[in-house]
Amino acid sequence: MDFGLWEIFYKEILDDFGFSREEDENSAKVLDEILSQEGCLTLDDLSQIVGFSDKYIVFGAGPSLKSHIKKLKAEYDLNDYVLVAADGATSAMIEERLSPDIVATDLDGNIDDILLANLKGANIAIHAHGDNLDQIARLSSFFNNVLGTTQAQPRGNLYNFGGFTDGDRAMFLSVALGASEITLAGMDFGDVVTKYSRPNLQSNLAEADEFKKKKLKYAEKFINLICENENVKIVNLIE
């Protein structure tokens, strides 16, 4: 997505949530500096790595995730797909002995599982925003094969493909990589969160707070935007 178009939605998000653009830009600056020192992937690099297919599966961290993974393993030849995990969905995939090709993360999922996925070959799309500066500074250099993203103005090594939550950012990234078909797994957009999206939950499921519910509404809005404006077939397993 062109940044000029994305900025319209970005300003709406800043106003609606009370986020600071300056803090987003500061976090992006730190991630860019780390990637300049450590090395990183370009979009072309990642395109070549995952160029074996233009069919993608994006895994969200909703309540349907585990059942969708089992369905996919039983009914699909997953070697034909690029597998993209949205942050905490990585943990559920590892539990089911499934390795993502890409993990889109703002580093608030289970870091041990994301590191394990990275060791097994997953490319990591690390996203910088105002609320994760500490994680960016502390954790980014531990990963290999990193693509950097920001929700503010793209800078240096960082891209902005559009998107707000890990799930819809994973979809925008898939579109940027040339996906012609995207299957959605674990994308519920309901009022329930799982331990995969909230690792500190004491139970497997819990009612989403108002902040999370609002974020999910934006995620659904942006996925509908992709459906309406991009030349890509969307298959949602929840339907």
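**Ground rules.** I number residues from 1 along each chain as its sequence is written, and I use heavy atoms for side-chain values, leaving out hydrogens and water. Because the model is predicted, I ask for pLDDT of at least 70 for local features and count side-chain atom pairs only at pLDDT 80 or more, while totals for chains, interfaces and linings use all residues.

**Entry 1, record.** I looked up UniProt, where an unreviewed entry places "domain: 6-hydroxymethylpterin diphosphokinase MptE-like" at residues 45-191. UniProt positions are in the numbering used here, the feature name is shortened, and annotations may be inferred rather than shown by experiment. Over residues 45-191 I find 34% helix and 22% strand, with the end C-alpha atoms 37 Å apart. Helices (H or I, at least four residues) and strands (E, at least two) are DSSP runs, numbered from the N terminus.

Rolling a probe the size of a water molecule over the atoms shows where empty space is left. I worked on a 1 Å grid over the protein atoms alone; a pocket is an open set of points with protein on both sides within 12 Å along at least five of seven lines, a cavity is a set where a 1.4 Å probe fits but cannot get out, and lining residues have an atom within 4 Å of a point. Grid points are joined across faces, edges and corners, and a volume is the space filled by probe spheres set on the points.

The largest pocket holds about 700 Å³ of space. I list 43 lining residues, with Thr165, Asp166, Arg198, Lys212 and Lys215 nearest the centre. Helix H2 (21-38), helix H8 (166-176), strand E8 (192-194) and helix H9 (210-229) each give at least two residues to this lining. H9 has the largest share, five residues. I sorted the lining by class and got 13 nonpolar, 16 polar and 14 charged residues. Here Ala, Val, Leu, Ile, Met, Phe, Trp, Tyr, Cys and Pro count as nonpolar, Asp, Glu, Lys and Arg as charged, and the others, Gly among them, as polar.

How many cavities of 30 Å³ or more does a search of the whole structure find? I get one. The largest cavity has about 90 Å³ of space. Its lining has 13 residues, of which His127, Thr149, Phe161, Gly162 and Arg169 lie nearest the centre. Strand E4 (123-128), strand E5 (146-150) and H8 each give two or more residues to this lining. H8 supplies the largest share, three residues. By class I find six nonpolar, six polar and one charged.

A nonpolar core is a set of buried Ala, Val, Leu, Ile, Met, Phe, Trp, Tyr and Cys residues joined through side-chain atoms within 4.5 Å. Buried means under 20% relative accessible area, exposed over 50%, and partly exposed in between (1.4 Å probe, protein chains only).

The largest core has 39 residues, and Leu173 and Ile182 touch the most other members. Among the elements that each supply at least two residues of this core are helix H1 (3-17), strand E1 (55-59), H8, strand E7 (181-185) and H9. H1 gives the largest share, seven residues. A second, separate core of 36 residues includes Ile69, Tyr81, Ile124 and Leu139.

I then listed contacts (heavy atoms within 4.5 Å). Beyond four places in sequence, those of Ile182 include Tyr56, Val58, Met171, Val175 and Val235.

His68 sits in helix H4 (residues 65-75). Is His68 buried or exposed? His68 counts as buried because its relative accessibility is 7%. Beyond four places in sequence, His68 contacts Ala185, Gly186, Leu237 and Ile238. His68 and Met187 are 119 residues apart along the chain, with their C-alpha atoms separated by 9.7 Å.

Pro63 is in the loop between E1 and H4 and is partly exposed at 38% relative accessible area. Not counting residues up to four places away in sequence, Pro63 touches Asp188, Val192, Thr194 and Leu205. The C-alpha atoms of Pro63 and Lys195, 132 residues apart along the chain, are 9.2 Å from each other.

Most residues other than glycine have a negative phi. Arg97 has phi near 55 degrees, a positive value, and Leu107 has a positive phi of about 70 degrees. Arg97 is in the loop between helix H5 (89-95) and E3, and Leu107 is in the loop between E3 and helix H6 (111-119). Arg97 counts as exposed at 78% relative accessibility, whereas Leu107 is buried at 3% relative accessible area.
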